[in-house]
Amino acid sequence: MNDNQPAADSLKDIQDIRRIMERSSRFISLSGLSGIAAGVCALVACWFASQQITDYYKQYDMAGHFDGPAFQRLKLNLLVLAAAVLSIALVASFYFTWRRARQKNLPVWDLTSRKLAWNMIVPLASGGLFILAMLQYNEWRFVAPGCLIFYGLALVNGSKYTLSDIRYLGYLEIILGLVCTQFTGYGLYFWAVGVGVLHVVYGVGMWWRYEREDSRE
Amino acid sequence: MRNPINGLNKVFDNRIRLGVMSILVVNEEVNFNDLKQMLEVTDGNLATHLVNLEENGYIRVHKGFIGKKTNTTYEVTKTGARAFSDHIAALENMIKGIK
């Protein structure tokens, strides 16, 4: 009996080492529900945006140009819509991830989430500024593909610091963005798929894989 | 108590020192508060073990400032990383040996 004691101790030490390494290098509280929430927000936003754009084109037939007050109004409306949806989506995703962290008794803001945030912010912020610069020159065609590609890169980069499944979501976003460059008139549809559908599908998948068990109890 | 020829490192007998090393081998540089939060230990307790690891040459200490607050970060040394991986190998051998 006693002969097994050193082995049992060793096994426990190895398990501890493994657990601490995992826990200190990856943010594991990311919730699938966050993805679902963000995706649903995006889909609703895409629907509103397509309504607005359709309405605008009805008037465009009569006015016949892009620089009239109706176009300025459309631009403003879309920007407000985008900002509103982004805020709601962020709050909702943070909420579900915060809840998940609390369930697991882990801090939300620690070494791992700081690393994750920083590694995603670098590609996201550079992409965002780049896209704003394109808009400055009225180059709107690559806004949707640009968003998808930079977001995909941010996910691939961030996946090293959280659940690694995120990497494949990143690849999908990048591919979708690149395909979108060839169909510039359909940016909104690509966006709806990339930011809406993919998030919901991924969110459901991750919830199923990591959280289903916990939520039964 | 433990058999000296099995290659286990005495320094890593302690849970906290083992934990500190586990964190530092997968993270480039970690500050005191993050270590404390991750290992759920008290300031004094952690500090003692960090001094021990430093004296053994397993970790390097960088004292810095963020604004007026001190920000001390810790980094694993080559010796430390070597000692740690030898220790893990020894643990693995123990498990294999008894099976």
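How many cavities of 30 Å³ or more does the structure hold? In this predicted model, the count is one. The volume of the largest cavity is about 50 Å³. Its lining is formed by A:R23, A:R26, A:F27, A:I28, A:S29, A:L106, A:P107, A:D110 and A:T112. Of these lining residues, four are nonpolar, two are polar and three are charged.

Helix α5 of chain A covers residues 143-158. Its 16 residues, at 1.5 Å each, should span 22 Å, and the end C-alpha atoms lie 22 Å apart, so expectation and model agree.

Chain B contains four helices and three strands. Along the sequence, the elements of chain B run α-β-α-α-β-β-α. The C-alpha atoms of chain B occupy a box of roughly 55 × 25 × 20 Å along the principal axes. Of the 99 residues in chain B, 42% are buried. Among contacts in chain B with a separation of 6 or more, 54% join residues 24 or more positions apart.

The three strands of chain B make an open sheet with the order β1-β3-β2. Pairing in this sheet is antiparallel. Strands β1 (30-31) and β2 of chain B are the edges, and each has a single partner strand, so one side of each lacks a neighbour in the sheet. Strands of a sheet pair through backbone hydrogen bonds.

Strands β2 (residues 59-66) and β3 (residues 69-76) of chain B pair over eight bridges, in the antiparallel sense. Which residue of β3(B) is the bridge partner of B:K63? That residue is B:T72. In the β3(B) strand, B:T70 stands opposite B:F65. A hairpin is formed by β2(B) and β3(B), with two residues between the strands. In the turn, B:G67 has a positive phi of about 65 degrees.

Notes. Residues are numbered from 1 along each chain as its sequence is written. Chains are lettered from A and ligands numbered from 1 in the order in which they are written. This is a predicted model: local features need pLDDT of at least 70, side-chain atom pairs count only at pLDDT 80 or more; totals for chains, interfaces and linings use all residues. Side-chain values use heavy atoms; hydrogens and water are left out. On a 1 Å grid over the protein atoms alone, a cavity is a set of points where a 1.4 Å probe fits but cannot get out, and a pocket is an open set with protein on both sides within 12 Å along at least five of seven lines; lining residues have an atom within 4 Å of a point. Grid points are joined across faces, edges and corners, and a volume is the space filled by probe spheres set on the points. Ala, Val, Leu, Ile, Met, Phe, Trp, Tyr, Cys and Pro count as nonpolar, Asp, Glu, Lys and Arg as charged, and the others, Gly among them, as polar. Two strands pair if DSSP finds at least two bridges between them. The expected span of a helix is 1.5 Å times one less than its number of residues. Buried means under 20% relative accessible area, exposed over 50%, partly exposed in between (1.4 Å probe, protein chains only). Contact means heavy atoms within 4.5 Å.
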